[in-house]
Structure formats: C-alpha cells, structure tokens
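Trainee: Could we go through this one together? I would like to know where the terms come from.

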Amino acid sequence: MERLQKVIANSGYCSRRNAEKLIVSGKVRVNGIVVTELGTKVSGNDEVMINNKILSYEEKEYVLLNKP
C-alpha cells in the first residue's frame with residue numbers, strides 16, 4: 001500500500017506537489033469515492049480516477065546489465 005499522491009506521481013500524471021493540490025481540491029476519486037485527505041493509502045487493486053479519467057499505473061521493471 002502506497003500513499004495516493006505517490007501513486008499519481010509515479011504514473012507520470014503530475015508531480016507530488018501537484019497531486020496533493022488535486023487531492024485537496026476534490027478532483028481525485030478512489031473506487032468511486034472522492035478523496036480530499038492527504039496520506040490516503042491505496043493498493044494496486046484500487047481504481048484511481050482524476051477528473052473522471054481512470055489513472056493507469058504499472059510497476060516499473062529494472063534490468064541491470066554487466067558488460068565485461
């Protein structure tokens with residue numbers, strides 16, 4: 001479970017500061033419920049909507065290569 005503003009920022013929608021402004025202004029919904037409280041925790045199964053558009057977020061995969 002991660003904080004909502006971190007999930008929004010990691011999706012590439014906006015920065016964390018702007019995500020906090022969106023949350024406080026009431027433009028973010030989690031599972032159809034408007035969220036206005038900072039620090040709200042969400043999981044990967046939750047549906048996050050910003051301005052009635054579903055936010056798509058994915059886990060990033062990092063590959064480390066060693067070329068001798």
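Mentor: Gladly! On a 1 Å grid over the protein atoms alone, a pocket is an open set of points where a 1.4 Å probe fits, with protein on both sides within 12 Å along at least five of seven lines; lining residues have an atom within 4 Å of a point. This is a predicted model, where local features need pLDDT of at least 70, side-chain atom pairs count only at pLDDT 80 or more, and totals for chains, interfaces and linings use all residues. Residues are numbered from 1 along each chain, and side-chain values use heavy atoms, without hydrogens and water.

Trainee: Which residues line the largest pocket nearest its centre?

Mentor: Glu2, Asn10, Tyr57, Glu58 and Glu59, out of 14 lining residues.

Trainee: What makes strands E2 and E3 a pair?

Mentor: Two strands pair if DSSP finds at least two bridges between them. E2 (residues 28–30) and E3 have 2 antiparallel bridges, so they meet that rule. Within this pairing, Arg29 stands opposite Val34 in E3.

Trainee: Why are strands E3 and E6 said to stand at the edges?

Mentor: The open sheet runs E3-E2-E5-E6, with antiparallel pairing. E3 (33–34) and E6 (53–54) each have a single partner strand, so one side of each lacks a neighbour in the sheet.

Trainee: How do you know what share of the protein is buried?

Mentor: Buried means under 20% relative accessible area, found with a 1.4 Å probe on protein chains only. By that cut-off, 26% of the 68 residues count as buried.

How values were computed. Helix = DSSP H or I, 4+ residues; strand = E, 2+ residues; numbered from the N terminus. Buried < 20%, exposed > 50% of the residue type's maximum accessible area, 1.4 Å probe, protein only.
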